[in-house]
There are 2 protein chains.
Amino acid sequence: MSRKAGKLGRGVALVGAGMSKFGSFADKTTRDLFVEAYSAMVKTVDKGMETRDIQSIYVGNFSSDLFEGQGHIAPIMADWIGLVPKPATRVEAACASGGLALRQAVIAVASGLYDIVLASGTEKMTNLPTERVTDTLASASDILYEACCGFTFPGLYAAIASAYMDKYGATPEDFMRVGIKNHRNGALNPKAQFNSSIRDIMNARIEKAKQKGQPVPNWKEELDFLRDPQANPIVAWPMRLFDCSPITDGAACLLLVAEDLAQNFSSKPIYIIGSGHGSDHALHEREELTSINSARVAAQEAYAMAGVKPQDIQIAEVHDCFTIAELVASEDLGFFKPGEGYKATREGVTARDGAKPINTSGGLKAKGHPVGASGIGQVVEIWHQMRAEAGQRQVPGKDIRLALTHNVGATGGTCVVHIFNRR
Amino acid sequence: MSRKAGKLGRGVALVGAGMSKFGSFADKTTRDLFVEAYSAMVKTVDKGMETRDIQSIYVGNFSSDLFEGQGHIAPIMADWIGLVPKPATRVEAACASGGLALRQAVIAVASGLYDIVLASGTEKMTNLPTERVTDTLASASDILYEACCGFTFPGLYAAIASAYMDKYGATPEDFMRVGIKNHRNGALNPKAQFNSSIRDIMNARIEKAKQKGQPVPNWKEELDFLRDPQANPIVAWPMRLFDCSPITDGAACLLLVAEDLAQNFSSKPIYIIGSGHGSDHALHEREELTSINSARVAAQEAYAMAGVKPQDIQIAEVHDCFTIAELVASEDLGFFKPGEGYKATREGVTARDGAKPINTSGGLKAKGHPVGASGIGQVVEIWHQMRAEAGQRQVPGKDIRLALTHNVGATGGTCVVHIFNRR
């Protein structure tokens, strides 16, 4: 084919972004969380909007089918925020469902069919007991070749982590440092599921032991706490409890409009200048475990569309479903060379006040991981940071004009990358 | 808003269409059926294609999650036909998943991002026992207000059917006539699950009774057979066994390209000139049961985009998950006035040799209803009819230049309509 596709027919802007509180809400339904996220989004559209302006809705959701027994959720979400009879589309790509819903919404605006589209994501995971959540998530792996042999996601990412250690000389502490950093950020995020640092958690446990007259653990540093198998038990070696993102309920919403309408809705719109999407074989089929090819492909597409390079990106929200995943992401995105991601984390480069802040929201690790909502939730953080409205966790000393989100489904069967700028 | 969206950025053509056999295949996986459909599609691209030409794949699937325990199926389907690392997107809208995957693929080509896209659908339903299939399908209703009260889909459509009888004076025989017509068409479709007419089935039963020396039923006409509660038991009055579409395994694939590339792939491309999509409240919330508003909205959008009227449409594949659904569809699409659909069927207008042939493939009723694949399977029939390649079931005496597909999710939470022409 001589023809070359790969350019969007018109530009797309983000003019609103909001999320529900992420956490465990036994008293709320998916519908409640969705309405909460939508209402939070509406408040961010600073020049105002009406629900009737919205022409179409995309809903990212992994498996309300398995979590709640509810299929066909897009029209229900549309109904609960008053959008019926507008088109409502559910998009599924495991934990990348949200990011992929965003991409489809971007494509829909670019197509000319719609000017104003709601991109959203939602997941209600805590209705099931933990072991059934683990089984449900395992259905996003290849059930004929992976789940059937006993693989669950901690096990799959443990395989990636041990290969990474073997190949690059990283240690379990290098994974722990990702968790420490992300919890520090999450402690500053009022909507995070874990609104506390590892140090806070450690100190609280010490305090509790003292109050109960139990032996007081000899933890000085956060790493002492995380190395203690009582405090931080092994889930699937080398992944321990604090290497794993939690089970979370939550929803998030974004309002996208055709670029030339952006100023009608927002005094400070964010433009979506790059979008990339790739697929990969299931983990058991891959030649390499320490990099995810769908992420490289998606990043390449997004960078090419945006006309920017990895070093231009000022902040990123990446898919840290497990601590190892953030390290691999930071390399697949080209922020660091293969095998260098853990060193950068060790040196504080990815900290909030580092040269390349990653997961200032707390990431999936601390903010929470309602799988279908996570990819949209990432963009909510980018929105706040780029508008300098991130409060206590605002990245210091930077005027954020170029940011990136990276959302992975399963072990990388899907990856979606988006790049945002502010003019 | 002063701006008016609603036009696609560029035209989209269909240059290949194929499906697996529809039926019950205990020895096949979803992957097998998908490869079968893809291979069938490739053979129809008469100027040839390479798998590597395809830039993106959309997969319609209702709930592989619940049917097979496999989520995240789009990259797996992509992998099995050799598309990795290309973008793979699953779209879900219950029984309209296929039609909605087509719509997203159309939007994706129109956006300029891709020139060549595979639109597909798949469902493997027979792994579960029948009662669990019924429960699984019920998850596409509103579980908090419908399924929880014991409603299953035969019951929901029975509510529509009894309201229709009450309002318009239709009888159970009017529903049966839809089944008789669609089975007659299915008998001519080698890929149909039920490749036999009601008369064939009736005669076979009579023959069997004779051979076994049992009392021979006194059935002369097909309606005699269908009225007999032994032969055609009530499922949810007035819906009987032969008013319900079957449980089916199957997959279907379409190749879409940007309009200006169509002649590179096909000597006789079909153009997608209209696409419409609407949502509706769940059935319990509606003011009216005898019409589905999402279908009216979707039809209106598609007709406006195509610049044609209902009377211009020469043939249509509509969503006859139950016989009543075909009657309602034929009215929602504007082919007949409200309450006139059953009279048109009675008079043979919708028969293969009638003025407005509907479901020449056999429809979901006889061709089968692998829910996520059905919307794509409808287009496979349109492809064959418009190219005058439908063999024995080719509509007689018509040069088909304008056709329509209508695909409903659940009781109409989603409806997607497409209009096709040939130049």
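Start by selecting strand β10 (residues 402-409) of chain A: seven of its eight residues are buried, so the strand is largely enclosed by the rest of the structure. Buried here means that 20 or more other C-beta atoms, placed from the backbone, lie within 10 Å of the residue's own. Strands are DSSP runs of E with at least two residues, helices are runs of H or I with at least four, and both are numbered from the N terminus.

A word on what you are viewing: this is a predicted model, in which local features need pLDDT of at least 70 and side-chain atom pairs count only at pLDDT 80 or more, while totals for chains, interfaces and linings use all residues. Residues are numbered from 1 along each chain as its sequence is written, and chains are lettered from A and ligands numbered from 1 in the order in which they are written.

Strand β9 (residues 315-317) of chain A runs parallel to β10(A), joined by three bridges; two strands pair if DSSP finds at least two bridges between them. Find A:E317 opposite A:T405. Next, select strand β11 (residues 414-421) of chain A, which runs antiparallel to β10(A) with eight bridges. Here A:A403 faces A:F420. The two strands form a hairpin with four residues between them, and A:A410 in the turn has a positive phi of about 60 degrees.

Staying in chain A, select helices α7 (residues 172-186) and α12 (residues 323-332). They pack at about 95 degrees, with axes 8 Å apart; axes are lines fitted to C-alpha atoms over the stretch in contact, and angles run from 0 to 180 degrees between N-to-C directions. The two helices are therefore roughly perpendicular, the word used for 65 to 115 degrees. Show A:F175, A:V178 and A:G179 in α7(A), which meet A:T323, A:I324, A:E326 and A:L327 in α12(A). Residues are in contact if their C-beta atoms, placed from the backbone, lie within 7 Å.

Finally, bring both chains into view. How many residues does each chain bring to the contact? Chain A and chain B supply 60 residues each. On the chain B side, the elements that each give at least two residues include α3 (73-80), β3 (88-92) and α11 (293-306). Zoom in on strand β3 (residues 88-92) of chain A, which pairs with β3(B) in the antiparallel sense over three bridges. One bridge to look for there links A:E92 with B:R90.

Definitions and conventions. Contact = placed C-beta atoms within 7 Å. Parallel < 35°, antiparallel > 145°, perpendicular 65-115°, else oblique. Buried ≥ 20, exposed ≤ 12 C-beta atoms within 10 Å, placed from the backbone.
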